[in-house]
Amino acid sequence: MGLFQKIKKLFNKEEIEKIEDVPEEQVAVKLDSPVKEEPIDVDQVVKEYKEYEEKTELKRLEKSKKKREENKKEQQLRDVKVYEKGLTKTRQNFVSRLLELTSKTKRIDDDYFDELEEILIMADIGVHTVMGFMDRLKKRVKAERIEDPEYLKEVIVDELFIIYVNDEVLVNKIQYAKDGPTVILFVGVNGVGKTTTIAKLAWKLKEEGKKVLLVAGDTFRAGATMQLKEWSERVGVSFCGKEEGVDPSSVVFDGVTLAKNENYDVVLVDTAGRLQNKVNLMKELEKINKVIGNLIPGAPQETLLVIDATTGQNGISQAKSFKEITNITGIVLTKLDGTAKGGIVLAIKEEVKVPVKYIGLGERKEDLQVFDIEKYIYGLFKDIL
Ligand SMILES: Nc1nc2c(ncn2[C@@H]2O[C@H](COP(=O)(O)OP(=O)(O)OP(=O)(O)O)[C@@H](O)[C@H]2O)c(=O)[nH]1
Ligand SMILES: [Mg+2]
């Protein structure tokens, strides 16, 4: 009970009036009797007041939680919109062809399967992935005696989802350090969108309230350091870089040291995509990793490989070769908005076996999205659903 209520009760008007109503003799008796009135227990009052305050605080927290949930829901809807917009090209190509096939199909036969196979391959789902998919689909059609092409359309969406999920717990979340800075290394061939992705992610993390530092580890390409510096200013995060041509490991050393000393939450390290050959690249990444690991045991917590979705199957080969030279923990698939072959997400999962953690769906800072298979499927199939 709150203090106000307590006081109200203590000084209850009616009770006071009742006392006045007490007959004279009884009053005399009462006056003679020892005072039995309970003293006000100050500790109790304070305790109850505190409880009252806590309850009020709880109500306020509940209200703000509700507000946050509403905002989260609104954000979710906005994110779905980005997916929907970014996957327009793929949807128009892939899904409209699927719809066309369904409407002209009277019987599910070999011709139907052949055409479906072609549509999937054209969407860059990858021959290997498509073959496995077709086998499973044919088996399911047989076992469930599916004859209705309309229903089969739903089964196809379902099976595509299964390719991705594949009974695994999806780990698309970034692994953050328990304490101290989290270091995320970005690798990938030139022009795929590493620097832009770093800027987009920096903005996202800053919005979440994190203290972010960008480190210009690409000292190879002319202008790369400047480009990252400009981005850091645009999105409002800190920057660490040196002149062109210096050893990238020395920049990384300075950056990570600064992050440790000044309690940064996240360090995003840009690297050069273009080195003379694979061995050089491997050696350089090894050195960078060693420097980071010496300063912060267990770091880098993430090494994200950036792949340009418009390069299709070439991107898959890049992923396979990067996997051989360094420990890739996740993939960022950029420029999905610029391709009609958004099916590559599914191929990567199956052929490279590294989770896609982020996707780039445009050039604005808001266009980097945490990869979410459900939103992706929605973005692709909203016309069917
Ligand atoms: N449409 C679209 N364009 C993108 C996306 N991500 C990056 N880009 C564009 O791709 C181009 C190359 O991006 P960068 O970030 O400079 O690529 P990089 O990998 O750092 O390139 P190097 O430093 O040369 O190795 C830029 O014009 C970006 O705006 C995306 O998700 N969608
Ligand atoms: Mg770059």
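Visitor: Which classes make up the shell around ligand 1?

Guide: The shell has three nonpolar, 11 polar and seven charged residues. Ala, Val, Leu, Ile, Met, Phe, Trp, Tyr, Cys and Pro count as nonpolar, Asp, Glu, Lys and Arg as charged, and the others, Gly among them, as polar.

Visitor: What should I know about the model and its labels?

Guide: This is a predicted model: local features need pLDDT of at least 70, side-chain atom pairs count only at pLDDT 80 or more, and totals for chains, interfaces and linings use all residues. Residues are numbered from 1 along each chain as its sequence is written, while chains are lettered from A and ligands numbered from 1 in the order in which they are written.

Visitor: How many residues surround ligand 1, and which are the closest?

Guide: 21 residues surround ligand 1. The closest are Gly-193, Thr-195, Thr-196, Gly-273 and Gly-360. A residue is near a molecule if its C-beta atom, placed from the backbone, lies within 6 Å of it.

Visitor: Which helix gives the largest share?

Guide: Helix H9, residues 194-207, with three residues. Helices are DSSP runs (H or I, at least four residues), numbered from the N terminus.

Visitor: New topic. How do H8 and H15 cross?

Guide: The axes of H8 (residues 149-165) and H15 (residues 373-381) come within 11 Å and cross at roughly 150°. Axes are lines fitted to C-alpha atoms over the stretch in contact, with angles from 0 to 180 degrees between N-to-C directions.

Visitor: Roughly parallel or antiparallel?

Guide: H8 is roughly antiparallel to H15, because angles over 145 degrees count that way.

How values were computed. Helix = DSSP H or I, 4+ residues; strand = E, 2+ residues; numbered from the N terminus. Parallel < 35°, antiparallel > 145°, perpendicular 65-115°, else oblique.
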